[in-house]
Amino acid sequence: MTPEELRHKAAEERTAQKRYKHCLNVCMAAGCMSSGADQVKEALTSVVRRYGMEEEVPVRAVGCMGLCSAGPLVSVEPKGVLYQEVKAEDASDIVTSVNDVPVKRIHCPTDTPFFTRQKKIVLENCGKVDPERLEDYIAADGYEALLKVLTEMKPAEVVQQVTISGLRGRGGAGFPTGLKWGTVSKAGTGQKYVICNADEGDPGAFMDRAVLESDPHRVLEGMAVAGYAVGADRGYIYIRAEYPLAIKRLRLAIRQATRAGLLGNQIFGTTFNFNIELRLGAGAFVCGEETALIASIEGRRGLPRPRPPFPANYGLFGRPTLINNVETLANIPTIIRNGGAWFASIGTEKSKGTKVFALAGRVQNTGLIEVPMGVTLREIIFDIGGGIPEGKKFKAVQTGGPSGGCIPEQHLDMPVDYESLMQVGSIMGSGGMIVMDETSNMVDVARFFMEFCMTESCGKCVPCRVGTYQMHELLDRIHRGQGTPTDLELLKELCDVVKNTSLCGLGQTSPNPVLSTLRYFEHEYQELIAAANQAHAATPAGEVTR
Amino acid sequence: MIQAVDKPQPPSDDKRWKIVDATMRRNGHDRHALIETLHTVQESFGFLDEEGLRYVANSLRVPLSSVYGVATFYHFFTLRPPGAHTCVVCTGTACYIKGAMKIVETVSQKYKVRPGQTTPDGKVSLLTARCLGSCGLAPAVVFDGDVVGKLAGPQVAERIERWVKS
Amino acid sequence: MTVPTIVPAQSFSMKIDGIDVSARAGQTILEVAQENGIEIPMLCYVEGLSNWGGCRLCLVEVVGQKKLFPACSTAASEDAQVVTNSERLQRYRRTILELIFSERNHVCAVCVSNGHCELQAMAQKLGMTHIHVPYRFPSHDVDSSHDRFRLDQNRCILCTRCVRVCAEIEGAATKGVSGRGIESLIINDLKEAWGDSQTCTSCSKCVHVCPTGALVEKGTAAAEMAKRRQFLPYLTVMRENTP
């Protein structure tokens, strides 16, 4: 494809889209799919055909619209009417009312904070484009950024724009992306690789899955731009095997882009080549760690190794390798199109841009949201999230998954950015946000995460392999009401050792859920232990409790 | 030239080995393709048996111990044949908070299977997953590949009962 | 063939435990310490084998850095001030050692390696008199199927010395690790009986690099299994000098 062809295609597609008076968009991401979105789409299509309205009202499959708890979702564009919990039987009412007032029964108002408070960059196309059509993405300025860097910018200028944008790694740790790109671009010449980390392993996080299912070309474009910037001609996407729909759409997208000449050799007639391959993970959380991920792509057990050397210098197959998370790469096309300075104007001083969160747990509106950095947790949970259902009381919000912590009520007015979250004992993480109400016991929550870390420990280093086991045993004992004050002391000691002596991030952060619940909810531990003591004292002499 | 080892032959003339061969060929029989190849074996046969592991090891020239190490490191791979139907309960954080463990308990008790096991009649395997990414629908369960959300123990047991009776 | 030219490695000075020492570029902290007679505890490291970095006993402090560094796999750097034996490190090492002891069934009194065991010696050196993390008491098999050697999982600390020596020096790659986390196990081939292994050359290197009584020669009674380590320094030397 030549630059002219890309622009022509975009214009052509836009005209085609304008031809229609209305358009019915059906969310076909995994959430809505499992509530029967495909039947809804089928019903809508057949109703439209029955009324002979195919030329006026096309039915399209689109990606995630965000409000997963109310799925299946259907939107009528360009009017912007949203329908929730749609069933196949509703199809005829929806179609017949396109020119009329919306069907009240299933109408979902979109003037609520859930929709108005969001700012979409990464998710700008989600719910708008058909993820299985390249033309849709092109019509939404797709591959413009790649064209721009290949024809107007030097690799160093691309790195510079990313640096100016202030974008930080969205996988969790928040390492400055521009700095990482700069290191890889300077790491000598010869073969280099770009890896997209789509091994979204946090239990309670589905941001990356939604992006890949809803707008796969955006990630491919981000990778190609990264490849040009650092001097790599090969990319790998390491994706969880548990995401079959995302895998299917990525495979299709790679095929489409390659056929259109947007990936492959001599892209846009330049000398730049870039090919992308998929690699499936096989169920190992530790493979989110860079060196373990590399081991896994190389076909080995996913064991981390001591760093340095860092992957930027010594990565996949021993070559300099850039590893970025899905959301990080999905930000790139927009940053290139609008400039780094534009991106830097959003967010807080040290955390720029937006962040996608997967809001779940005991909250009214569960789903996918994107907000500018710096909004408060209270806004997210009570305004966007609609608060706690069933009149229950808020207790804590968990961010950062098994590496993060639980944040209590008193910190809800804190702005969401990397530093603030760290200060209160949690981390940004990849974006899972689980709300808990008064029915959750925090010792139980800590035990849940420790069990996760124990089963996900690769077993290479002693503190993580045996330490997580021992901490889980202690938490289990305390939670069962059989703990002693000595157990709690030992638990604290093990937290200290495992945090400071483990080899990789998984082990080093595994005590975080315990430490944060101890920090804010130690009384819950104490109460369980005191109750255990009383029960023990009440046991008649000679009887042994087990 | 003397060849140290004859070209490995597939364990049987089962057509599915052709699919496995295709995966290895596509990757140039590179040992880095081990995980890709194991994925294909499991997709084709439902699980990884010893003969299959041996064949893949010999074809890719990866030591047997490494193949076994990889096959048992990743939770996605299974060395035992699965039941006729599988019920995967998501135990990710969101599902946990919303009662996924109650579902596991209900099914475990009713059908006398622990997570990871198959009923003695070979009909149903009960598995747990570390987050399906369907947190918006918590608690979620996958019945033979179909994700169903917002479930409770009795509903899950009801669906399993249909499998058992069939 | 290129003729190797000997370039003297650049050397510099650094401090370990307050002592000025000189180091050459490319050396690890552990190598520099050993050259200067400073002992750093370790269990998974063996000279001549690839670095593992799993036992975490060799962690040291570097002044001005919050993180701890594994001496076995951290390059020595100019003017660095390394502390190998602070109170904090001693505490961490004792707990790590306790975790190792709690993991399997290390019963010294009945072990053939009693008195010749690196784990036991380490416990004595670090002053570990008892453990206060609970024992797991897992049940593990003993593989006696090999006609000369025995693999006793109860004594294994998963240092993977045997796996590395088998793959990297003997080139047999019979030994490996199966499972993950607390379920990890040393295996032969496809987790087969050692005696049935088609790949094992019975070279005995795994037995002699094993720090504990996990891999032993058969026919030894309690406390009789002294390991022969004389061959160790030659492992790499012979490899490097063989064209």
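**Entry 1: conventions**

I number residues from 1 along each chain as its sequence is written, and I letter chains from A and number ligands from 1 in the order in which they are written. The model is predicted, so I take local features only at pLDDT of at least 70 and side-chain atom pairs only at pLDDT 80 or more, while totals for chains, interfaces and linings use all residues.

**Entry 2: chain A overall**

I looked up the elements of chain A and found 22 helices and 14 strands. Helices (H or I, at least four residues) and strands (E, at least two) are DSSP runs, numbered from the N terminus. The radius of gyration of chain A is 25 Å, close to the 24 Å from the globule rule for 546 residues, so chain A is as compact as a globular protein of that length. That radius is taken over C-alpha atoms, and the rule is 2.2 Å times the number of residues to the power 0.38. Along the principal axes, the C-alpha trace of chain A spans about 85 × 60 × 40 Å.

Next I checked burial. In chain A, 58% of the 546 residues are buried. Buried means that 20 or more other C-beta atoms lie within 10 Å of the residue's own; exposed means 12 or fewer, partly exposed is in between, and C-beta atoms are placed from the backbone. I then turned to contacts, where two residues count if their C-beta atoms, placed from the backbone, lie within 7 Å. Among contacts in chain A between residues at least 6 apart in sequence, 74% join residues at least 24 apart.

**Entry 3: domains of chain A**

I read off domain 1 (18-114), domain 2 (141-344), domain 3 (354-440) and domain 4 (443-538) in chain A. The bounds come from an automatic or database domain assignment. I looked at domains 2 and 4 of chain A, whose C-alpha centres lie 36 Å apart. Their contact takes 9 residues from domain 2 of chain A and 8 residues from domain 4 of chain A. On the domain 2 side I find 7 nonpolar, 1 polar and 1 charged residues. Here Ala, Val, Leu, Ile, Met, Phe, Trp, Tyr, Cys and Pro count as nonpolar, Asp, Glu, Lys and Arg as charged, and the others, Gly among them, as polar.

**Entry 4**

Chain B has 7 helices and 4 strands. From the N terminus on, I read their order as α-α-α-α-β-α-α-β-β-β-α. The C-alpha atoms of chain B fill a box of roughly 65 × 30 × 25 Å along the principal axes. Of its 166 residues, 46% count as buried. Chain B is divided into domain 1 (16-73) and domain 2 (85-165). The C-alpha centres of these two domains of chain B lie 29 Å apart.

Which element of chain B gives the most to the side that touches chain A? I first counted the contact: 31 residues of chain B meet 37 residues of chain A. At least two residues each come from α2 (34-45), α4 (64-73), α5 (93-97) and β4 (146-148) of chain B. The most come from α5(B), with 4 residues. By class, this side of chain B has 19 nonpolar, 10 polar and 2 charged residues.

**Entry 5: chain C**

I found 6 helices and 10 strands in chain C. Its radius of gyration is 19 Å, close to the 18 Å that the globule rule gives for 243 residues, so chain C is as compact as a globular protein of that length. The C-alpha box of chain C is roughly 55 × 55 × 30 Å along the principal axes. Buried residues are 42% of the 243 in chain C.

In the contact, 11 residues of domain 1 of chain C meet 17 residues of domain 2 of chain C. The domain 1 side divides into 7 nonpolar, 3 polar and 1 charged.

**Entry 6: a sheet in chain C**

I traced an open sheet of 5 strands in chain C, ordered β2-β1-β5-β3-β4, with mixed pairing. Strands pair if DSSP finds at least two bridges between them. The edge strands of chain C are β2 (19-24) and β4 (68-70), each pairing on one side only. Strand β3 (residues 59-62) of chain C pairs with β4(C) in the antiparallel sense over 3 bridges. I noted Val60(C) opposite Phe69(C) in β4(C).
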